[in-house]
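Please open the structure in your viewer and keep the selection tool at hand. The tour below goes from stop to stop, saying what to select and what is found there.

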Amino acid sequence: MSDWQPGASIKALRRRAQLMSLIRNFFTHQSVMEVDVPLLSKSGVTDINIDSICATLSGSLAYLQTSPEYFMKRLLASGSGDIYYLGKAFRDGEIGNKHNPEFTLLEWYRCGWDEHQLMFELADLVSQLMDRDGASDLKVTKISYEDCFHDKFGLNPHQASLSDLQDLAAATGSLSWAGETRANCLDLMFSLKVEPQLPEGLVFVYDYPACQAALAAITTTEQGYKVSRRFEGFLNGVEIANGYFELRDPVEQRRRFDLDNTARQATGKPVSNIDTKLLDAMHSGLPACAGVALGLDRLLMSDLELKSIDQVIPFSWLRC
Amino acid sequence: MANYSTNEFRSGLKVMLDNDPCSILENEFVKPGKGQAFNRVKLRNLKTGRVLDKTFKSGESLEGADVIEMDMQYLYSDGDFWCFMEPDTFEQHQATESAVADALIWLSEQDICVVTLYNGSPLSVTPPNHVELEIVETDPGLRGDTAQGGSKPARLATGAVVKVPLFLDQGDMVKVDTRTGEYQGRVK
């Protein structure tokens, strides 16, 4: 196929349009308001493993948003109530069979809900979207991070020592992991060993390690150790969603931003502008809420049983 | 040699890994949602032929390997070395037995082969995809039996043993696919 032509078949694009329309109907029906927040901002993201694509605006640095999260939280703090965003996000350097630097995501927030209620709604949405003949048979499984990790490695991921995790990671990947952080070791083993063995259908893995909390609240378990109230959704073994019971404490948020930037400095990455408007919004009061982001391109790949993201996007970066 | 970063890894790229030249077969970019990116890479060790699975952090790099593949004509063997010649320059290269090992049962003098050179010396030899060789030993042919299935082993002039149809005889010429070792047809 020539470069000028789309990577996706017209049939795939028709299905894509249909999914977007079904999603909008779903949320209209649930009285969740669509918001089209900006893609360009004066602040980027501090997350050590996510890089913004930079633009120049009248000579000043601007950032294409890696997620609509900060803007959406500012709306939530302003009393928007339940909201969703269906549109683009950008991440630098992410190119592969499951990654395109510009991708489409669905993100939504439910006020007064916790992450488990949100998983339930996400399962409902996905089974409606994948259901073509009125008889949905999507299998939904829920399993804690601790259980899937323990089943595979016989270790408690929250309590194992860093050196045990590093040894496991070095054995799983390569020696260069022997000096890695707790979060990186866990991610490597989870991606290489746990993900490929997840059951078919939609699988929710919840209670992620506290060191991978990102923007989720942290809680203490009955056994006395900390876990984050973060979950991920996997559809037929492919990661499609990431959700939180949201962190609301602006002081803790500021602390995490600063830690991220310290880690960025240590690895030679550019330090990010901290989004002080988000912190101000959290000071004014973010309602208790749960939020989740779902990758539409990957959902479509799974739905159409396609192997490459290039086959579900009109023009992936290779063709732009 | 230049260094190649994980994002430059392409199928066919030759790199050094643990002091051995390797050819990259596959490179998959993996990135957990909030996690560090890495690459799962399949490589073939060009010395041993073994396929390896390795995991690299994205951005890590490997040194390129001085490996080139070139069409050369097989001239002769003195028993210790096998001699190949570049058709343009007439430059000759001596390949060791380990380099020609897999190709040996197919090689006839004058054949054009692909010779893989590592640091200028032959590392491996790939015979032509199709060769035409004489049957030197097989059970007597069953005349007229051209339609029935069935096959028998036949030893070819270079030493390879392939399955051929029953009607073929010693002295017949056959065409064989060296990649599969399968009989392709009779040559008249």
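In which loop of chain A is D207(A) found? Select D207(A), and you will see it in the loop between β8 (202–206) and β9 (218–220) of chain A, where helices (H or I, at least four residues) and strands (E, at least two) are DSSP runs numbered from the N terminus. Before going further, note that this is a predicted model, in which local features need pLDDT of at least 70 and side-chain atom pairs count only at pLDDT 80 or more, while totals for chains, interfaces and linings use all residues. Residues are numbered from 1 along each chain as its sequence is written, and chains are lettered from A and ligands numbered from 1 in the order in which they are written.

**Two residues with positive phi**

Now select S31(A), in the loop between α1 and β1 (33–34) of chain A; S31(A) is not a glycine either, and has a positive phi of about 60 degrees. S31(A) counts as exposed, because it has 8 C-beta neighbours inside 10 Å.

**Helices α5 and α6 of chain A**

Next, select residues 162–172 and 182–194 of chain A, which are helices α5 and α6; they pack at an angle of about 40 degrees, with their axes 9 Å apart. This angle makes α5(A) oblique to α6(A), since angles under 35 degrees count as roughly parallel, over 145 as roughly antiparallel, 65 to 115 as roughly perpendicular and the rest as oblique. To see the contact (C-beta atoms, placed from the backbone, within 7 Å), show side chains including L165(A), L168(A) and A169(A) of α5(A), and L186(A), M189(A) and L192(A) of α6(A). The residues of this contact comprise 9 nonpolar, 2 polar and 2 charged (Ala, Val, Leu, Ile, Met, Phe, Trp, Tyr, Cys and Pro count as nonpolar, Asp, Glu, Lys and Arg as charged, and the others, Gly among them, as polar).

**The largest core**

Move on to L106(A), L122(A) and L294(A), which touch the most other members among the 75 residues of the largest nonpolar core, a core being a set of buried Ala, Val, Leu, Ile, Met, Phe, Trp, Tyr and Cys residues joined through C-beta atoms within 7 Å. The element that gives the most to this core is α6(A), with 7 residues.

**Helix α9 of chain A**

Select residues 296–304 of chain A, helix α9, which is mostly covered, 8 of its 9 residues being buried. The buried residues of α9(A) pack against several elements of chain A, including α1 (10–29), α3 (115–130) and β13 (289–295). After α9(A) comes E305(A), with a positive phi near 55 degrees.

**Across to chain B**

Finally, turn to where the chains meet: the contact takes 22 residues from chain A and 15 from chain B. On the side of chain B that touches chain A, β3 (20–30) and β5 (51–57) of chain B are the elements that give two or more residues.

Note on methods. Axes are lines fitted to C-alpha atoms, for helices over the stretch in contact, and angles run from 0 to 180 degrees between N-to-C directions. Two residues are in contact if their C-beta atoms, placed from the backbone, lie within 7 Å. A residue is buried if 20 or more other C-beta atoms lie within 10 Å of its own, exposed if 12 or fewer, and partly exposed in between; C-beta atoms are placed from the backbone.
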